[in-house]
Amino acid sequence: GNDAGGIAPYAAAGASYGYRLLWVLVLVTVSLVIVQEMCARMGAVTGKGLSDLIRERLGIRWTAFAMLGLLVANASVAVSEFVGIAAAGDLFGIPRWLIVPLAALLLWSLVVFGSYRSAERLFLGFTLIFFAYPIAAFLARPRWGEVLTGLVVPSLQPDRGYIAMVMALIGTTITPYQQLFVQSSTAEKGLSGDAIQQVRVDNVMGCLLSDVVDFFIIVATGATLFVHGVTVETAEDAARALEPLAGSAASTLFGLGLFGACMLAGAVLPLTTAYSLCEAFGFEKGISRCFREAPVFMGIFTGLIVLGALVALIPGLPIIPVLIAIQVLNGVLSPIVLIAALRLSNDPEVMGNHRNGPLFNAIATLTVVVIIILTLALLGMTAADLLR
């Protein structure tokens, strides 16, 4: 989750509300562990991706509905990655009309011509820069008593901005594409049902590692930006939370990490979307195939990159508000995939003896219900504001 869309909501949450949204991160992390374990377990038991199972077990109507939701959600997140690349360019003084098209062409070429795997390591290395946030958080000397209170005491505010931020944190953490990616990647490893324990350990460790970094992003921005009344409006604002560690080099450090994370996700998201949609509807797929052999697959992949680049080139685009709005949309759409995953993971013909237990069902169901309630509340507040 630590790409452009992932970082923006956490940085904005810390800057706008201090530590008062940390309790949301705790609950969302629990839900994330349950949901991703559920999908990874299905991948290990069935050897199939989630979109494949949705088509087989839930029918073409639910498949079309789920894939439409996935396409909208993933297209928006793909846009966020190129918006993030534009933001990274701003930090280095590179105009977006130059860096965005070059990045789009580079990503498309690396994937289509089969050299992306080697570049992936480089982009992944850039993202390690975000592990500077824990160090910066400690150097900023936060009031740890307030941090602990924020973690364990829910703080509720019945206003649209607060609800939208909660939805953004949900959307950037339990984002729809991650569930399909986790299940497909587990299925491709060829693990059997006997490897369930290994799948669980890998899943829990991955979720915790990601959200520990997110925790320190909130703490760092809360200790450096919130206390001075600075909200996150630009990438440079988010970078200021690293100043206790990096000083004047904070913008450079943050820019490198942001660029690497966005380049990494900028290829993974369109590919995941293309694979999922083609898997669901039986089209030819694979990056080893040309346009003539897999026109739908290559068309979806190319179209999402072009869309992301074009939106990122819009003059005067407010980067951070757009990133947060995209994650709110992800949160709104996430129940579509979650409900399908919940139904399938309880299907005895699909999972046999590896069906969900009562605790998993309770947490996953509660997650869906809460997201729907928050969505309705946000829509109601938005409508009320428009009618005033």
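Predicted model: local features only at pLDDT ≥ 70, side-chain atom pairs only at ≥ 80, totals over all residues.
**Notebook: helix packing, cysteines and one threonine**

I started with the contact between two helices: on the α4 side I find Arg96, Val100, Ala104, Leu107, Trp108, Val111 and Val112, and they meet Met298, Phe301, Thr302, Ile305, Ala309 and Ala312 of α14. By residue class, that α4 contact with α14 splits into 11 nonpolar, one polar and one charged.

**Entry: geometry of α4 and α14**

I looked up where these two helices run. α4 covers residues 96-112 and α14 covers residues 295-312. Two numbers go into my description, since a packed pair of helices is described by the angle between the axes and the distance between them. For this pair I get an angle of about 165°, with the axes 9 Å apart. The cut-off for roughly antiparallel is over 145 degrees, so α4 is roughly antiparallel to α14. I also checked the handedness, and α4 passes α14 in a right-handed crossing.

**Entry: α3 and α15**

As for the hand, α3 passes α15 in a left-handed crossing.

**Entry: cysteines**

How many disulfides does the count come to? I get zero disulfides. My cut-off was sulfur atoms within 2.5 Å. I then took Cys39 as a case to look at: its nearest cysteine sulfur belongs to Cys207 and is 11 Å away, so by the 2.5 Å cut-off Cys39 is in no disulfide.

Is Cys39 buried or exposed? I read 1% relative accessibility for Cys39, and because buried means under 20%, Cys39 counts as buried. I looked up Cys278 as well, and its relative accessible area is 1%, so I have Cys278 down as buried.

**Entry: Thr272**

Last stop was a threonine. I located Thr272 in helix α13, which spans residues 250-281. What does Thr272 touch once its neighbours within four places in sequence are left aside? I find Tyr177 and Phe181 in contact with Thr272. Its relative accessibility is 9%, which is under the 20% cut-off, so I logged Thr272 as buried.

Terms used:
Residues numbered from 1 in each chain as written. Heavy atoms only, no water. Axes fitted to C-alpha atoms, helices over the stretch in contact; angles between N-to-C directions. Helix = DSSP H or I, 4+ residues; strand = E, 2+ residues; numbered from the N terminus. Parallel < 35°, antiparallel > 145°, perpendicular 65-115°, else oblique. Left-handed = near helix turned anticlockwise from the far one by under 90°. Contact = heavy atoms within 4.5 Å. Nonpolar A, V, L, I, M, F, W, Y, C, P; charged D, E, K, R; others polar. Buried < 20%, exposed > 50% of the residue type's maximum accessible area, 1.4 Å probe, protein only.
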